[in-house]
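Subject: Structure handover

Hello,

Here is the structure for you to pick up. Please load it before you read on.

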Amino acid sequence: MSKNNSTLNFICGFAIFYMLTLIILVALGKFPKLIVSLYFVASITSFMMYYVDKDCAIKGRYRIPENQLLLADILGGWFDGSFAHKLLNHKSTKLEYRLLYYGTINRKHFI
């Protein structure tokens with residue numbers, strides 16, 4: 001198995017664990033349903049933005065600005081943003097963007 005597939009498998013496994021944890025916390029009444037719903041919407045939106053940006057890059061069309069991609073990640077789509085990086089192989093070789101991305105999501109979770 002290649003390193004990229006191993007990373008993708010880890011991300012998928014972590015995503016399932018993370019989602020199940022949120023669902024269990026909601027079921028136990030320990031976490032608000034609204035927050036989880038917003039997270040799911042932000043996550044799906046982030047992935048779709050990366051998908052559209054990748055498609056536009058391939059077709060030579062107008063791209064989604066990087067600051068908008070980062071904003072979607074900050075607003076809760078960070079995990080699907082990571083998933084999109086690996087699955088779509090998008091923004092995975094641009095070091096400057098990766099540093100901004102990981103710096104942004106790390107700051108968000110530790111403040």
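My notes on the fold, the confidence, the helix packing and the core follow.

First, the ground rules. This is a predicted model, where local features need pLDDT of at least 70, side-chain atom pairs count only at pLDDT 80 or more, and totals for chains, interfaces and linings use all residues. Residues are numbered from 1 along each chain as its sequence is written, and side-chain values use heavy atoms, with hydrogens and water left out.

Fold. The protein chain has 4 helices and 0 strands. Its order from the N terminus is α-α-α-α. Helices (H or I, at least four residues) and strands (E, at least two) are DSSP runs, numbered from the N terminus. Of the 111 residues, 34% are buried. Buried means under 20% relative accessible area, exposed over 50%, partly exposed in between (1.4 Å probe, protein chains only). Take contacts between residues at least 6 apart in sequence: 63% join residues at least 24 apart. Contact means heavy atoms within 4.5 Å.

Confidence. pLDDT is the predictor's confidence in each residue, from 0 to 100. The chain averages 79, and 79% of the residues score at least 70. Among the elements, α2 has the highest mean pLDDT (90) and α4 (residues 95–110) the lowest (63). Over residues 107–111 pLDDT stays under 50. Where pLDDT is low, the predicted coordinates should not be read in detail.

Helix packing. Helix α2 (residues 33–59) packs on helix α3 (residues 66–87) at an angle of about 65°, with the axes 7 Å apart. Axes are lines fitted to C-alpha atoms, for helices over the stretch in contact; angles run from 0 to 180 degrees between N-to-C directions. The residues of this contact are 14 nonpolar, 7 polar and 3 charged. Ala, Val, Leu, Ile, Met, Phe, Trp, Tyr, Cys and Pro count as nonpolar, Asp, Glu, Lys and Arg as charged, and the others, Gly among them, as polar.

Core. The largest nonpolar core has 20 residues. Such a core is a set of buried Ala, Val, Leu, Ile, Met, Phe, Trp, Tyr and Cys residues joined through side-chain atoms within 4.5 Å. Y39, Y50, L69, Y97 and Y101 have the most contacts inside it. The largest share, 7 residues, comes from α3. Beyond four places in sequence, Y101 touches residues including Y50, L70, D73 and W78.

One more residue. F10 lies in α1. F10 counts as exposed because its relative accessibility is 62%.

Best wishes
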